Amino acid sequence: METNFIQWFFDFIMSYEPKVIIACASVIGAGFAMITGIGPGIGQGYAAGKGAEAVGNSPKDSKSIISTMLLGAAIAETSGILALVVALILLFGNPLIGASGSMVVIASSAIGAGIAVIAGMGPAIGQGYAAGKATEAVGINPRSSKGVTLVMLVGQAVAQTTGILALVISLILLYGNPFASMEGAFIILGASALGAGIAMVGGIGPGIGQGYAAGKAAEATGKRPDQQSNITKIMFLGQAVAQTTGIYALIVSLILMYSNPFL
């Protein structure tokens, strides 16, 4: 029964023009990409909440509090912008439209490219948390503003790593797709293109974890500015460990694209 359904599904797809199916897949991929927007929304909301709380507790320091909040929230927007760029490419400048190769493989690549950037949700949530804790720390100790902001920015930059890696995989699927020239069963090639994108979603966890480390480091710097150097070192160490599963996700994605054992 299952085999019959799969056969029916592919027969149904094959009854349409390849460009129609690839366009449908691109639209779905664009939709998946914009799921990333959940992350910036949560992260920036947290930062804004902490900013309002800090200003309420210390109105005279509102200028430095708001500056830190806005700077941190702007960084948390990065993943949303990257996802928007991928979605717009899929809709208005899609290089896969008209590309040579199996229709199923190219359509799967378009969906995989959109799914991959969902990973940016994690960094955005983490960066928003870091912005919120830094804002809170500046409200408590305005004199530590410079050090707190520096730790926040450095920590946020590291937290963005998995989002950048996911963007790279997405762009490879769009502009340097290795599946288009591969030989093998189209169903395996198509599934591998989807799998390469899905694997990168694993970057959500490291992004959140690294942002949490950055937030706590900013908070600690606000309490003990004289320990900024040691706090930053421990933050980097923890973020490096938290990055591990993001690297695993990248390795699996690259294996699927360049050294697939089933092809």
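1. The model is a predicted one, in which local features need pLDDT of at least 70 and side-chain atom pairs count only at pLDDT 80 or more, while totals for chains, interfaces and linings use all residues. Residues are numbered from 1 along each chain as its sequence is written, and side-chain values use heavy atoms, with hydrogens and water left out.

2. The chain has 13 helices and zero strands, where helices (H or I, at least four residues) and strands (E, at least two) are DSSP runs numbered from the N terminus. Along its principal axes the C-alpha trace spans about 70 × 35 × 30 Å. Of the 263 residues, 49% are buried, a term that means under 20% relative accessible area, with exposed meaning over 50% and partly exposed in between (1.4 Å probe, protein chains only). Taking contact as heavy atoms within 4.5 Å, 88% of the contacts between residues at least 6 apart in sequence join residues at least 24 apart.

3. Helix α2 has 16 residues and should span 22 Å at 1.5 Å a residue, which agrees with its end C-alpha atoms being 22 Å apart; the expected span is 1.5 Å times one less than the number of residues. The buried residues of α2 include Ile21, Ile22, Ala25 and Ser26.

4. Helix α10 (residues 186-199) passes the corresponding check, as its 14 residues should span 20 Å and its end C-alpha atoms are 20 Å apart. Its buried residues are Leu189, Gly190, Ser192, Ala193, Gly195, Ala196, Gly197 and Ala199, and what covers them includes α6 (103-116), α9 and α13 (244-258).

5. Glutamine 239 lies in helix α12 (residues 228-242) and, at 1% relative accessibility, counts as buried. Leaving aside neighbours within four places in sequence, glutamine 239 is in contact with Gly155, Val158, Ala159, Gln210, Ala213 and Ala214.

6. The structure holds five aromatic pairs, counted where rings of Phe, Tyr and Trp (its six-membered ring) have centres within 6.5 Å, with planes under 30 degrees apart called stacked, over 60 edge-to-face and the rest tilted. The rings of phenylalanine 12 and tyrosine 16 are edge-to-face, because their centres are 5.4 Å apart and their planes stand at 75°. Phenylalanine 12 is partly exposed at 41% relative accessible area, and tyrosine 16 is partly exposed at 41% as well. Phe5, Trp8, Phe12 and Tyr16 form one aromatic cluster.

7. On a 1 Å grid over the protein atoms alone, a pocket is an open set of points with protein on both sides within 12 Å along at least five of seven lines, a cavity is a set where a 1.4 Å probe fits but cannot get out, and lining residues have an atom within 4 Å of a point. The largest pocket has a volume of about 370 Å³, and of its 19 lining residues Phe9, Ile13, Ala107, Ser108 and Ile111 lie nearest its centre. The elements giving two or more residues to this lining are α1 (2-14), α2 (18-33), α6 and α10. By class, the lining has 17 nonpolar, two polar and no charged residues.

8. One cavity of 30 Å³ or more is counted, and the largest cavity has a volume of about 40 Å³. Its lining consists of Ser79, Leu82, Val117, Gly120, Gln160, Gly163 and Leu167, with α5 (78-92) and α9 (161-175) as the elements that give two or more residues.

How values were computed
Grid points are joined across faces, edges and corners, and a volume is the space filled by probe spheres set on the points. Ala, Val, Leu, Ile, Met, Phe, Trp, Tyr, Cys and Pro count as nonpolar, Asp, Glu, Lys and Arg as charged, and the others, Gly among them, as polar.
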